[in-house]
Amino acid sequence: MKALVLPGTAQGLEIAARALTEGELVAIPTETVYGLAGNAKDERVLADLFDAKERPRFDPLIFHIAAAPGHGVRALEKFANDGFLDPAVLQKKSWLGDASRALVERFWPGPLTLVLPRGPNALDLATSGLPTVAVRAPAHPLAQALLSQVPFPLCAPSANRFGRISPTSASDVAAELGDRIPFILDGGRCAVGVESTIIAIQPDGGARLLRPGGLPVEAIEATLQTKLTSGKNQEGAAVEAPGNLASHYAPRCKLTLLPGLATDSVSVSILAKVNLPYALLLFASDPMNVTDALRQSQSLRLPVRTLVLTERSNPTEAANRLFSCLRDLDSQEGIEGLYAEPVPSRFQLSGLGYAIQDRLSRAATET
Ligand code: TXA
Ligand code: MG
């Protein structure tokens, strides 16, 4: 099977909607990354979805629903009334109800996923048997158009083989899954470029960050008027989003995170000793400086290819380019190693810097 790439036209949408209704998988654009979508109410479709991605079944899926701008609350209510959420989510004056409403009113459609108590119609395969369900309303207009044309939510994990770099264009999806799925709906390059932020709202008050992502934590905290707790449990161990394994987003080549700015002498001395063809990912520095510094240090080799995430030191741009730059460097012929500059400390734990650092350090963790 070779995936057919559908244009983002009325006709492309119609074919995609029909395929989904007939129980097929369709890769769809969202504002974060491309998702591999299937009917959330059909067990066989969900089984196909796990198989196509080679995803372990303990890793639950995010439900994607329709929500017009400004109508996030209505969308959440419909999802609950359709039996996917515990009705308690709808209760006003409870923390669960009030916090959920405030967030979706402000941020849906957009890169925010909520983990909420589950209702009877959420299939075990979608939730991995957990008592909760993850849901978001993607902002990409084609995703919204498609969701409003089909009478069921879509489960849509990122459209990559399990553990690999997430796709941010139709051609990335084709490279990952093109021989395994029938259709890819082409919606251009993703605007955000990293996955949604995942928050678990606790019925008894409080909200936990399960995955940093495209919506900055600060924006969520400002809306809830409370600090998020981290996803880690008290022992500081397992993160609660089960698929959030330490090693993820893995490139083909081993990725090494440098200790600091690539122009730092420590990082330069590490690079100077590399004796295999390698590629370099810089956050914001001028690549000429690094090259000069390496030349002066009489390095064994200069990088075969160097990419800069954001010449303008703009974390939003860096997030947007992260996965596509990693994919580009990883696919350079003859490369045997990847080296990356970490997010400079001034960005690290704020805005999108947190999400970028999370993805980079997990891409660098060895399995
Ligand atoms: O931006 C995104 O969220 C993208 C696009 C396609 O929408 N989707 C995405 O899906 O990133 P995926 O499957 O690659 O990541 C979903 C994450 C997993 O880490 C999973 O463990 C977590 O969501 N998750 C799903 N249901 C959960 C639940 N009930 N409790 C905790 N975590 C959950
Ligand atoms: Mg993923």
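**Note on helix packing and selected residues**

1. Helices H3 and H4 stand oblique to each other (angles under 35 degrees count as roughly parallel, over 145 as roughly antiparallel, 65 to 115 as roughly perpendicular and the rest as oblique). Their axes cross at roughly 125° and come within 7 Å. Axes are lines fitted to C-alpha atoms, for helices over the stretch in contact, and angles run from 0 to 180 degrees between N-to-C directions. H3 spans residues 72-81, and H4 spans residues 95-107; helices (H or I, at least four residues) and strands (E, at least two) are DSSP runs, numbered from the N terminus.

2. The model is predicted: local features need pLDDT of at least 70, side-chain atom pairs count only at pLDDT 80 or more, and totals for chains, interfaces and linings use all residues. Residues are numbered from 1 along each chain as its sequence is written, chains are lettered from A and ligands numbered from 1 in the order in which they are written, and side-chain values use heavy atoms, leaving out hydrogens and water.

3. On the H3 side, Gly 72, Val 73, Leu 76 and Glu 77 meet Ser 100, Arg 101, Val 104 and Glu 105 of H4 (contact means heavy atoms within 4.5 Å). This contact comprises three nonpolar, two polar and three charged residues. Here Ala, Val, Leu, Ile, Met, Phe, Trp, Tyr, Cys and Pro count as nonpolar, Asp, Glu, Lys and Arg as charged, and the others, Gly among them, as polar.

4. Two residues of H4 deserve attention. Ser 100 belongs to H4 and is buried, its relative accessible area being 0% (buried means under 20%, exposed over 50%, partly exposed in between, with a 1.4 Å probe and protein chains only). Setting aside residues up to four places away in sequence, Ser 100 touches Leu 76, Val 89, Trp 95, Leu 114, Leu 116 and Ile 201.

5. Val 104, also in H4, has a relative accessible area of 0% and is therefore buried. Beyond residues up to four places away in sequence, its contacts are Gly 72, Val 73, Leu 76 and Leu 114. Val 104 and Leu 76 are 28 residues apart along the chain, with 7.6 Å between their C-alpha atoms.

6. How do H11 and H12 pack? H11 (residues 315-330) and H12 (residues 353-364) have axes 9 Å apart, at an angle of about 30°. The two helices are therefore roughly parallel. Pro 315, Ala 318, Ala 319, Leu 322 and Phe 323 of H11 make the contact with Gly 353, Ile 356, Arg 359 and Leu 360 of H12. By class, the residues of this contact are seven nonpolar, one polar and one charged.

7. In helix H9 (residues 265-272), the buried residues are Ser 267, Val 268, Leu 271 and Ala 272. They lie on the same side of H9, because they cover an arc of only 140° around the axis (the arc is that of the directions from the helix axis to the C-beta atoms).

8. Between Gln 296 and Leu 255, 41 residues apart in sequence, the C-alpha to C-alpha distance is 25 Å.

9. Pro 303 sits in the loop joining H10 and strand E14 (305-308). Its relative accessibility is 16%, so Pro 303 counts as buried. Apart from neighbours within four places in sequence, Pro 303 contacts Tyr 278, Leu 280 and Leu 294. Its C-alpha atom is separated by 9.3 Å from that of Ile 335, 32 residues apart along the chain.
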